[in-house]
Amino acid sequence: MQGRSLALAVAADRFHQIDTEIQPHLDVGHTVLLDRYLPSTLVLQRLDGLSVDYLLTINQHLAIPDLAVILLADPNTILARLEKRGTKHRFELDPKSTLRELELYHEAIPILAHLGYPTVKIDTTHLTPEGVAQAIARVTPAPGDTVNATAPPSS
């Protein structure tokens with residue numbers, strides 16, 4: 001799948017996951033971490049040529065999370081990590097797509113801020129996987145806390 005059909009399937013799956021998994025956990029006071037949400041939609045579906053307006057329309061009823069963490073790195077670091085790890089999805093087959101993905105994440109950040117998403121960028125260029133986890137833990141609010149949407153990016 002790609003294009004509109006993929007974007008609609010992703011949105012439908014996201015709403016289903018919210019109803020059946022996320023909200024029930026939030027209702028009992030659990031912290032829920034997701035590795036994909038609107039930020040990834042504003043990148044991956046745009047790589048398929050869809051507009052921001054279309055993507056925001058089909059995802060307009062998503063709850064705003066307490067925090068969106070955007071993991072970034074130097075382009076050469078990303079390409080080296082992908083080379084070592086191997087391809088995981090069709091966009092990673094072309095290094096230009098990977099670089100475009102990075103650009104789109106940078107473009108998504110002000111869009112998310114405009115929507116009220118508290119967003120923190122973490123530069124993972126020099127971090128180990130454990131260091132990335134620690135950086136995420138440092139910026140993750142405790143239950144009941146809120147995040148300052150204008151907080152400076154972490155590194």
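What is the handedness of the crossing of H4 and H5? The crossing is right-handed. The close-up views described below are taken from a predicted model.

**View 1. Crossing of helices H4 and H5.** The axes of H4 and H5 cross at roughly 130° and come within 10 Å. The two helices, H4 and H5, are therefore oblique to each other. On the H4 side, the contact is made by Pro 75, Ile 78, Leu 79 and Leu 82. H5 contributes Pro 95, Thr 98, Leu 99 and Leu 102 to this contact.

View 2. Helix H4 spans residues 75-85, and its residues Thr 77, Ile 78 and Leu 82 are buried. Around the helix axis these residues cover an arc of only 135°, which puts them on the same side of H4. Helix H5, residues 95-114, is the element against which the buried residues of H4 pack. Asn 76, Glu 83 and Lys 84, on the other side of H4, are exposed.

**View 3. The two ends of helix H4.** At the start of H4, the backbone nitrogen of Asn 76 has a side-chain oxygen of Asp 74 within 3.0 Å. Gly 86 follows H4 and has a positive phi, near 100°.

View 4. Helix H2 comprises residues 38-47, and nine of its 10 residues are buried, so H2 is largely enclosed by the rest of the structure. The buried residues are Leu 38, Pro 39, Ser 40, Thr 41, Leu 42, Val 43, Leu 44, Gln 45 and Arg 46. Among the elements that cover them are helix H1, residues 3-27, together with H3, S1 and H5. Just after H2 comes Gly 49, with a positive phi of about 90°.

View 5. Asn 59 belongs to the loop that lies between helix H3, residues 52-58, and strand S1, residues 68-72. Its relative accessibility is 5%, and because buried means under 20%, Asn 59 counts as buried. The side chain of Asn 59 reaches the backbone oxygen of Leu 55 at 2.9 Å. When residues up to four places away in sequence are not counted, Asn 59 touches Ala 11, Arg 14, Phe 15, Leu 38 and Thr 41.

Definitions and conventions. Residues are numbered from 1 along each chain as its sequence is written. This is a predicted model: local features need pLDDT of at least 70, side-chain atom pairs count only at pLDDT 80 or more; totals for chains, interfaces and linings use all residues. Side-chain values use heavy atoms; hydrogens and water are left out. Buried means under 20% relative accessible area, exposed over 50%, partly exposed in between (1.4 Å probe, protein chains only). Helices (H or I, at least four residues) and strands (E, at least two) are DSSP runs, numbered from the N terminus. The arc is that of the directions from the helix axis to the C-beta atoms. Contact means heavy atoms within 4.5 Å. A polar contact is a pair of N or O atoms within 3.5 Å; within protein, one must be able to donate a hydrogen and the other to accept it, and residues adjacent in sequence count only if both atoms are side-chain atoms. Axes are lines fitted to C-alpha atoms, for helices over the stretch in contact, and angles run from 0 to 180 degrees between N-to-C directions. Angles under 35 degrees count as roughly parallel, over 145 as roughly antiparallel, 65 to 115 as roughly perpendicular and the rest as oblique. A crossing is left-handed if the near helix is turned anticlockwise from the far one by less than a right angle, and right-handed if clockwise.
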